[in-house]
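Hello,

Here is the structure I promised to pass on. Have a look at it first, and then read my notes below.

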Amino acid sequence: MNASVHRRPGRPAPPAARRSLLVCGMIGAAVMAAVDEIVFHQILGWHHFYDRSTSSVGLLSDGLLHTAELLGLIAGLFLYADLRRSRTLAPAYGWAGFFLGLGAFQLFDGIVDHKLLRLHQIRYGVDITPYDWAWNTGGLALLLTGLVLGVRARRSDRAGSAS
């Protein structure tokens, strides 16, 4: 049964830290997928999601990535709206989740897609080492930002509950 049914009328439910973190993490991952696809796949034309076949297959793979990213973004925004509607959004955890999602997507793409599965590289016909370092360092910085924000949110919760 929904916990909000047992609340006193007029009093908001306690913030849902874990749910805020997960929902905003989904939004962050979808946003980073969109940035990757728009900038690197479409504007710069450096690669497709899957580059080990024909251009047509590469374009199809970009379309499938775009579909997944849009579905993730729409689902995340609906879940975010529900958090806001029920007044259970924990903004500090939301921001932590957003940055964790950004960084997790970028690192997953840089390590798993680029290096382990070799679905594509960031760019072709050049030394990719500086691109790999920039991509993965950027992802790590985003991930660490999310971790720091998450630790701060948790400390703030503990300090608030102790008083």
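**What I found**

Glutamine 121 uses its side chain to reach the backbone oxygen of histidine 114, at 2.9 Å. Glutamine 121 sits in the loop between H3 and H4, and it is buried, at a relative accessible area of 8%. Here buried means under 20% relative accessible area, exposed means over 50%, and partly exposed is in between (1.4 Å probe, protein chains only).

Before you go further, please note that this is a predicted model, in which local features need pLDDT of at least 70 and side-chain atom pairs count only at pLDDT 80 or more, while totals for chains, interfaces and linings use all residues. Residues are numbered from 1 along each chain as its sequence is written, and side-chain values use heavy atoms, with hydrogens and water left out.

**The overall fold**

The chain has four helices and zero strands, and its elements run α-α-α-α from the N terminus on. Helices (H or I, at least four residues) and strands (E, at least two) are DSSP runs, numbered from the N terminus. Of the 163 residues, 34% count as buried.

How far apart are the end C-alpha atoms of H1? They are 37 Å apart, which agrees with the 39 Å that its 27 residues should span at 1.5 Å a residue; the expected span is 1.5 Å times one less than the number of residues. Just after H1, glycine 45 has a positive phi of about 65°.

Serine 20, in helix H1, is buried with a relative accessible area of 0%. Alanine 104, in helix H3, is partly exposed at 39% relative accessible area. Alanine 104 and alanine 29 are 75 residues apart in sequence, and 7.0 Å apart in space, C-alpha to C-alpha.

**The largest pocket**

The largest pocket has a volume of about 160 Å³. On a 1 Å grid over the protein atoms alone, a pocket is an open set of points with protein on both sides within 12 Å along at least five of seven lines, whereas a cavity is a set where a 1.4 Å probe fits but cannot get out; lining residues have an atom within 4 Å of a point. Grid points are joined across faces, edges and corners, and a volume is the space filled by probe spheres set on the points.

Which residues line the largest pocket? They are Cys24, Ile27, Tyr80, Leu89, Pro91, Gly94, Trp95 and Phe98. Helix H1 (17–43) and helix H3 (91–116) each supply at least two residues of this lining, and H3 gives the most, with four. By class, the lining has seven nonpolar, one polar and no charged residues. In this scheme Ala, Val, Leu, Ile, Met, Phe, Trp, Tyr, Cys and Pro count as nonpolar, Asp, Glu, Lys and Arg as charged, and the others, Gly among them, as polar.

**Aromatic pairs**

A search of the whole structure finds six aromatic pairs. One of them is the tilted pair of phenylalanine 40 and tryptophan 46, with 5.6 Å centre to centre and 45° between the planes. Tryptophan 46 also forms an edge-to-face pair with tyrosine 131, at 5.4 Å centre to centre and 85° between the planes. Tryptophan 46 lies in the loop between H1 and helix H2 (55–85) and tyrosine 131 in helix H4 (residues 129–162), so this pair ties together parts that are 85 residues apart in sequence. Rings of Phe, Tyr and Trp (its six-membered ring) pair if their centres lie within 6.5 Å; planes under 30 degrees apart count as stacked, over 60 as edge-to-face and the rest as tilted.

Phenylalanine 40 is buried at 15% relative accessible area, while tryptophan 46 is partly exposed at 22%. Ring pairs link Phe40, Trp46, Tyr131 and Trp135 into a cluster.

Best wishes

Conventions. A polar contact is a pair of N or O atoms within 3.5 Å; within protein, one must be able to donate a hydrogen and the other to accept it, and residues adjacent in sequence count only if both atoms are side-chain atoms.
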